[in-house]
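Student: I have a structure to go through and some questions about it. Can we take them one at a time?

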Amino acid sequence: MTDTFRAALWMVGAILSFTSMAVAGRQVSSDLDTFEIMLFRSILGIAIVLVVAGYAGTLGQVRRHRIGIHLIRNIAHFAGQNLWFYALTLIPLAQVFAFEFTTPIWAMLMAPLILNEKLTTIGLLSAAIGFIGILIVVRPGSEGISIGLIAAALCAVGFALSAIFTRLLTRTETITCILFYLTTLQAAFGLICAGIDGDITLPTSQTLPWLVVIGCAGLFAHFCLTNALSLAPAATVMPIDFARLPTIAIIGALIYAEPLDPMVFLGAILIFGANYVNLTLGQREKP
C-alpha cells in the first residue's frame with residue numbers, strides 16, 4: 001500500500017468526520033445554543049485528551065510556557081467554531097463548507113502581520129481569485145447578505161487566526177500540550193458564555209449521542225488530517241479534502257431538502273483553485 005493511498009484513506013476518515021460533525025451540530029441546535037454545544041464538546045474532549053495522553057505517557061509535556069499564545073489561539077478558535085455552528089442553522093450546509101475553504105486564504109493574508117512571512121505575487125493573485133469565488137457563492141444583491149452568510153465568512157477568519165497561532169505554538173509545544181489547552185480553555189469559555197444568563201441546558205437522552213459525535217468527530221477529523229499530511233504533500237491531500245463539499249451538499253439535499261446550487265459549486269471551485277495555486281506555485285516563488 002503506497003503512502004498516497006494511505007493518505008487518501010485517512011482523508012476519507014477526515015471527510016466523514018467533518019460531515020458527521022456538521023449534521024450533529026444542526027441536529028442539536030434546536031435544543032442547545034452554540035455556547036452549550038462548545039461547552040459539552042470540550043468537556044468530552046478533555047476526557048479524550050487525558051485518557052489518550054495518559055496512556056501514551058505524554059501528560060508531562062503540558063506546561064504553561066506559552067499560555068498567552070494558547071489563550072489568543074483558543075479565543076480565535078472558539079469564536080470561529082461558534083460562528084460555524086451558528087451558520088449551520090441558517091444557511092445550506094454546502095455554503096458553510098464553501099466559506100470554510102477560504103481559511104487558507106485568510107491565513108496567507110494575515111501571516112505577514114503575525115509570522116513575518118512574505119506575501120508573494122502568487123499569493124496576492126490567489127487571494128483575488130478566492131475573493132471572486134466568495135462573491136459567486138454569496139452573490140451580493142441577489143438575495144441580500146444574511147446573518148448566516150456573515151457568520152460563515154467570519155468563522156473562516158477565526159479558523160485562520162487559530163491556524164496561524166497554532167503554527168507559532170508548534171515551534172516549541174507538543175501536540176498533547178496544544179490539545180490540552182484547546183479543550184480546557186474552550187470548556188472554560190463555553191461555561192462562561194453559556195452560563196452568563198444563569199441558564200445552561202443540560203444534555204438529554206436525545207442530544208447526548210449527537211454531542212458525543214461532535215466531540216469525537218472534531219478530534220478524529222484533525223487526527224486523520226494530520227496523519228494524511230504526514231504521508232503525502234499538502235498538494236496531494238488538498239484535492240481529496242475538496243470532496244467534503246459535494247459530500248455535504250448531497251447529504252444536505254437528502255436529509256434537509258437543500259437545493260444543489262451550481263453557483264455554490266462554481267464559487268467553491270474557484271476558492272479551491274486559489275488555494276491550490278498558492279500551495280503549489282506560491283511555494284516555488286518563496287526565497
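**Questions on a predicted model**

Tutor: Start with N275, which at 8% relative accessibility counts as buried. Keep in mind that the model is predicted.

Student: Which backbone oxygen does the side chain of N275 reach?

Tutor: N275 is found in helix α12, residues 262-285. N275 touches F101, P104, I105 and M238, leaving out residues up to four places away in sequence. At 2.7 Å, its side chain reaches the backbone oxygen of F101.

Student: Which residues do ring pairs link into a cluster with F101?

Tutor: Aromatic pairs in this model come to ten. Ring pairs join F101 into a cluster with F242, F272 and Y276.

Student: Is the pair of F180 and Y181 stacked or edge-to-face?

Tutor: F180 is partly exposed at 21% relative accessibility. Y181 is buried at 9%. Their ring centres are 5.3 Å apart and their planes stand at 80°. Planes over 60 degrees apart make the pair edge-to-face, so F180 and Y181 are edge-to-face.

Student: Which residues does H70 touch, not counting residues up to four places away in sequence?

Tutor: H70 lies in helix α3, residues 67-88. At 1% relative accessibility, H70 counts as buried. With sequence neighbours up to four places away left out, H70 touches L169, E173, C177, I178, Y181 and L185.

Student: How far apart in space are S126 and E173, C-alpha to C-alpha?

Tutor: E173 is one of the residues that H70 touches. S126 lies in helix α6. In sequence, S126 and E173 are 47 residues apart. In space, C-alpha to C-alpha, the separation is 31 Å.

Student: Which backbone oxygen does the side chain of S126 reach?

Tutor: S126 is buried, with a relative accessible area of 1%. Beyond four places in sequence, S126 is in contact with I105, A274, V277 and N278. At 3.2 Å, the side chain of S126 reaches the backbone oxygen of A274.

Student: F131 is in helix α6. Is F131 buried or partly exposed?

Tutor: Helix α6 covers residues 121-138. Buried needs under 20% relative accessible area, and exposed needs over 50%. At 49%, F131 counts as partly exposed.

Student: How far apart in space are F131 and A76, C-alpha to C-alpha?

Tutor: The two residues are 55 places apart in sequence. From C-alpha to C-alpha, F131 and A76 are separated by 22 Å.

Student: How many disulfides are there?

Tutor: Two sulfur atoms must lie within 2.5 Å to count. For C155, the closest cysteine sulfur is that of C193, 17 Å away and too far for a bond. C224 is in no disulfide either, since the nearest cysteine sulfur, in C216, is 12 Å away. The count of disulfides is zero.

Student: Are C155 and C224 buried or exposed?

Tutor: C155 has a relative accessible area of 0%. C224 has 1%. Under 20% is the cut-off for burial, so C155 and C224 are each buried.

Student: Which residues have the most contacts inside the largest nonpolar core?

Tutor: That core has 59 residues. Helix α1, residues 3-28, gives the most to this core, with eight residues. The residues with the most contacts inside the core are W84, F97, I214 and L245.

Student: How many residues does another core have, lying apart from that one?

Tutor: Its residues include I69, L115, F165 and L168.

Student: What does W84 touch, not counting residues up to four places away in sequence?

Tutor: W84 is among the residues with the most contacts inside the largest core. Beyond four places in sequence, W84 touches F18, M21, A22, V96, F97, E100, C155 and F159.

Student: Which helices do the buried residues of α9 pack against?

Tutor: Helix α9, residues 208-231, reaches 35 Å from its first C-alpha to its last, close to the 34 Å expected. Its buried residues include L211, I214, C224 and N227. The buried residues of α9 pack against α1, α2, α3 and α10.

Student: What is phi of A257?

Tutor: A257 sits in the loop between α11 and α12. At 66% relative accessibility, A257 counts as exposed. Its phi is positive, in a residue other than glycine, and lies near 55°.

Methods:
Residues numbered from 1 in each chain as written. Predicted model: local features only at pLDDT ≥ 70, side-chain atom pairs only at ≥ 80, totals over all residues. Heavy atoms only, no water. Helix = DSSP H or I, 4+ residues; strand = E, 2+ residues; numbered from the N terminus. Buried < 20%, exposed > 50% of the residue type's maximum accessible area, 1.4 Å probe, protein only. Contact = heavy atoms within 4.5 Å. Core = buried A, V, L, I, M, F, W, Y, C linked by side-chain atoms within 4.5 Å. Expected span 1.5 Å × (residues − 1). Polar contact = N/O pair within 3.5 Å; in protein donor to acceptor, adjacent residues only side chain to side chain. Phe/Tyr/Trp six-rings, centres within 6.5 Å; stacked < 30°, edge-to-face > 60°.
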